Amino acid sequence: MASIKRRGNSYQLTAYCGYDESGKQKKRTKTWKPAPDMTAKQAEKQAKIQAEIFESECRSRENFTDDLKLSDFCGEYLNDMKGILAERTHAYYVTVINSLIKPFFKEMKVREIKPVHVQRFVNMINNTGVAPSTVKRKLAVLKSILNLAVKRDIIDISPARAEKLTMPKVHTQEVEIFSRQEVTEILEKSANEPLQFRLLIHLAVITGARRGEILGLKFSDFDYGKCTMTVSRSAYKLSGEPVKTKAPKNNKDRKIAVTPEIIHMLRMLKIMQKSDGNDWIFTDKSGNLLNPQRITDGFRRFLKKNGLPVRKFHTLRHTSATLMLYGGVDIKQVQSRLGHGNIKTTQIYLHCLADADREAVGVLQKLLIKKSECGTNESDEETDVQEATS
């Protein structure tokens with residue numbers, strides 16, 4: 001039975017319905033204020049009626065949430081997330097929900113899901129042999145769904161809390177880069193490729209921009225006099241749809257300095273493409289934006305053809321960042337140039353510098369060994385010993 005407490009000119013209604021994880025009965029409260037023209041007796045009588053209505057509403061709601069299946073709530077979740085999640089992220093969530101979450105939990109109700117069920121879900125994904133980081137990424141979808149269930153008062157606590165789960169250990173992957181000699185060769189070999197491809201390579205190496213950000217560039221994004229470009233969009237493609245553009249990562253535009261050679265290539269390309277009102281730089285023969293996957297495949301073929309290590313196109317971004325740091329560019333400037341939202345992301349390239357430092361020690365060691373092999377003057381050695389012990 002709902003309880004009623006008078007608080008000044010209003011009444012606090014309390015209804016008990018359902019139980020929490022510890023077995024305690026949950027209560028919900030509501031404030032009801034009587035009309036100004038009501039007498040005290042009328043207000044008390046109406047307060048009892050309102051308390052009964054409130055209790056009935058709570059029970060109906062409790063019964064509804066008790067029977068709500070996770071598979072049904074997933075549809076509500078995806079609908080709520082439209083416009084909040086980026087289009088590509090939303091598409092990825094749809095795939096994970098339909099291919100993993102729904103088949104695994106089947107007819108389970110949201111309230112029935114416990115940490116043990118989530119752990120079995122984690123183990124199931126992990127047993128497919130995917131990387132630990134992939135397990136974490138797919139679990140994040142389920143966590144997001146259950147967090148919304150908490151916000152909607154369907155459950156009180158998410159069963160996917162980190163402290164309740166045992167996750168596969170995520171090993172920090174080493175950043176893969178091209179050596180200075182390799183990247184020099186890439187730039188030289190690109191001179192034998194079509195101008196559009198050559199420009200693409202130079203932009204990736206010089207600016208460190210992401211693949212989608214480069215493909216989303218327009219001729220008007222460049223200041224030809226100041227040798228700068230503005231990154232204000234990124235190109236992407238969903239299956240079965242044309243290439244689209246969105247705001248760059250972190251939703252922040254950034255201005256980047258480029259080389260005079262890039263500006264020269266831009267001018268040449270603009271002449272070759274015979275301006276027809278299309279401001280896009282990287283287009284196919286029909287004038288449509290290039291599919292990002294074509295760039296990935298084309299770069300792989302280019303590396304194979306020229307006998308270079310076959311690595312991802314994104315490796316050029318890593319290489320650009322590492323070379324800037326190696327050359328003494330301030331890490332905050334590198335962060336700004338790459339468009340990293342957090343300095344910690346930029347700091348991963350410091351490990352590459354540590355590797356380069358170890359290589360430098362190796363070079364020095366070889367030089368010293370060669371020197372000793374060539375022979376040293378014994379009198380010089382005696383002098384060194386005397387100086388060291390004096």
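A: The part to begin with is a salt bridge, in which the side chains of Glu 193 and Lys 305 meet with an N to O distance of 2.7 Å. Glu 193 lies in the loop between α6 (180-189) and α7 (195-207), whereas Lys 305 belongs to helix α10 (residues 292-305), so the pair ties together parts that are 112 residues apart in sequence. A salt bridge here is a side-chain nitrogen of Lys or Arg within 4 Å of a carboxyl oxygen of Asp or Glu, while helices (H or I, at least four residues) and strands (E, at least two) are DSSP runs numbered from the N terminus. This is a predicted model, in which local features need pLDDT of at least 70 and side-chain atom pairs count only at pLDDT 80 or more, while totals for chains, interfaces and linings use all residues. Residues are numbered from 1 along each chain as its sequence is written, and side-chain values use heavy atoms, with hydrogens and water left out.

Buried means under 20% relative accessible area, exposed means over 50%, and partly exposed lies in between (1.4 Å probe, protein chains only). Elsewhere, Arg 161 and Glu 163 join their side chains in a salt bridge of 3.1 Å, N to O, and Glu 163 counts as exposed at 62% relative accessibility.

A further salt bridge connects Lys 69 with Glu 107, their closest N and O atoms being 2.5 Å apart. This pair links distant parts of the chain, 38 residues apart, with Lys 69 in the loop between α1 (40-67) and α2 and Glu 107 in the loop between α3 and α4 (115-126). Lys 69 counts as partly exposed at 27% relative accessibility, and Glu 107 is exposed, with a relative accessible area of 53%. By the rule given above, the count of salt bridges comes to 12.

Next comes helix α2 itself. Its 12 residues (70-81) should span 16 Å at 1.5 Å a residue, and its end C-alpha atoms are 16 Å apart, which agrees; the expected span is 1.5 Å times one less than the number of residues. In α2, the buried residues are Leu 70, Ser 71, Phe 73, Cys 74, Tyr 77, Leu 78 and Met 81. They cover an arc of only 150 degrees around the axis, which puts them on the same side of α2, the arc being that of the directions from the helix axis to the C-beta atoms. These buried residues pack against α3 (87-105) and α5 (132-151).

The structure holds zero disulfides, a disulfide being a pair of cysteine sulfur atoms within 2.5 Å. After α2 comes Gly 83, whose phi is positive, near 90 degrees.

As for the whole, the protein chain has 15 helices and eight strands, and buried residues make up 38% of its 390 residues.

Terms used: Contact means heavy atoms within 4.5 Å.
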